[in-house]
Amino acid sequence: MAADALAGLIAELPEGTVVTDPAITEGYRQDRALDPTAGKPMAVVRPRRTEEVQIVLRWATAHQIPVVTRGMGTGLSGGATAVDGGIVLTTEKMRDIVVDPVTRTAVCQPGLLNAEVKKTAAEYGLWYPPDPSSYEICSIGGNIATNAGGLCCVKYGVTTDYVLGMQVVLADGTAVRLGGARLKDVAGLSLTKLFVGSEGALGVITEVTLRLVPAQQPVSTVVANFPTLESAAQAVLGVTSRLRPSMLEFMDAATINAVEDKLRMGLDRGSAAMLVAASDERGRAGSEDAELMAATFAEFGAGEVFSTDDPDEGEAFVAARRFAIPAVEEKGPLLLEDVGVPVPALADLVGGIARISAEREVMIAVIAHAGDGNTHPLIVYNPDDVAMTERAQVAYGEIMDLAVDLGGTITGEHGVGRLKRPWLDGYLGPEAMALNRRIKDALDPQGILNPGVGV
């Protein structure tokens, strides 16, 4: 039955759109979270146009076939994990973009990389601020699916702040246009925002209108090493209470050493934590911000503070922060967290994670978008060691419980995916969870879109 149904889909789409070769489909089973429960899809579908996505979803609804939408597979929460007997709909071939410098907007398809949108915008003297560490390899569609943030979000916000409109295909194949190239539009419910962060569970986004801003000003960078986790966390609060940096990033000792092992750039291995901060205010204001941040770091006990207006020097430290996850991954497979708390609770969070690491006897490296309280604890473990794996999984849950107890969230920007789904009900509460399910049921009554993700 499935083979006959798939033959019908293949016949409706351009040649090569549907791929069934197991040697190829195997590479689409998991995203970067490497969910061990990933299923085997019957096919991978690679559409290029909205009309082709409509064909796929009409077919899937008619045959009740699950559809998992995938960007570039860089997700860290298992949101693009294939299911047995379903299809993976990848947007990687959807790569058109048109920039309008007058309205400062870009209309693009979801398969473009974040870096490609930035590059195209820059050709017009414009900038697309959302800046995940994986910006060179992650797609705009994936960014929208998880409402990605990144290193610049402390000042410039996250993906949803730059999504003005979209075209989305619903489960039954209906294509809907929402929003557009307007900075203000309050007609009707805010449906555009509903789909941002929905992780492919409500529809497939096939086109998006993005807000662009003038090119970023030259950056002044300040780097500081701290003797304790608490002093670094308190310094973050000291900075954010006095000014609004364009970047304020945190790396703990485990991360510093992992990055230094690979990059050999002279990072201080003896520091408990390092902060990388920046200001992009115009002219003298940027230098004044840098001076204030340096003074604040020193006030809160930094042992060494380095400031530079040289873009190459500053970018070297930013690159070290971006390289943190791959560097720690060299130590072993990871369980990746994404918990966030109010900035005043950051010290309690990082201190609590250190205690969990010691109690569970697993390495946990912590990096953070410290300026907005969003942390990424990286739990290193050996999956062949049953006892260690169990301890790592316990630590994973304890970190989420700790964040919630501190008034935080189980995910700041990576999404719930499949890995955090067991904690979602408890975090949202019964009333909010029921409302989420009502919306899901209204838009996807058969539950074919990314089953097991989100609601």
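Tutor: Just after H3, glutamine 64 takes a positive phi of about 55°. This is a predicted model: local features need pLDDT of at least 70, side-chain atom pairs count only at pLDDT 80 or more, and totals for chains, interfaces and linings use all residues. Residues are numbered from 1 along each chain as its sequence is written, and side-chain values use heavy atoms, with hydrogens and water left out.

Student: What makes H3 a helix?
Tutor: A helix is a DSSP run of H or I with at least four residues, and a strand is a run of E with at least two, both numbered from the N terminus.

Student: What makes leucine 336 count as buried?
Tutor: Buried means under 20% relative accessible area; exposed is over 50%, and partly exposed lies in between (1.4 Å probe, protein chains only). Leucine 336 has 7% relative accessibility, so it counts as buried. H3 has buried residues too, including Val53, Ile55 and Trp59.

Student: Which residues touch leucine 336, leaving aside its neighbours within four places in sequence?
Tutor: Contact means heavy atoms within 4.5 Å. Leucine 336 is in contact with Leu76, Ile325, Pro377, Leu378 and Tyr396.

Student: Where is leucine 336 found?
Tutor: Leucine 336 is in strand S16. Its bridge partner in S18 is leucine 378.

Student: How do you know that S16 and S18 pair?
Tutor: Two strands pair if DSSP finds at least two bridges between them. S16 and S18 have 3 bridges and run antiparallel, so they pair.

Student: What is the strand order in the open sheet?
Tutor: The 7 strands run S15-S12-S14-S13-S17-S18-S16, with antiparallel pairing.

Student: What makes S15 and S16 edge strands?
Tutor: S15 (304–308) and S16 (334–336) each pair on one side only. The twist averages 15° from one strand to the next.

Student: Which strands does helix H8 touch?
Tutor: H8 (residues 229–240) packs on the sheet and touches S12, S13 and S14. Its direction makes about 175° with that of S13. Such angles run from 0 to 180 degrees between N-to-C directions, with axes fitted to C-alpha atoms, for helices over the stretch in contact.

Student: What makes S14 mostly covered?
Tutor: 7 of its 7 residues are buried. Ala273, Leu275, Ala277 and Ser279 point one way, and Met274, Val276 and Ala278 the other. S14 has 7 bridges to S12 and 6 to S13. Leucine 275 in S14 stands opposite alanine 224 and is also the bridge partner of phenylalanine 250.

Student: Why is a group of residues called a nonpolar core?
Tutor: The name needs buried Ala, Val, Leu, Ile, Met, Phe, Trp, Tyr and Cys residues, joined through side-chain atoms within 4.5 Å. The largest such set has 48 residues, and Phe226, Phe250, Phe297, Ile364 and Ile379 have the most contacts inside it. Among the elements supplying at least two residues each are S12, H8 and S17. H14 gives the most, with 7 residues. Apart from this core lies another of 26 residues, among them Ala106, Ile140, Leu178 and Leu202.
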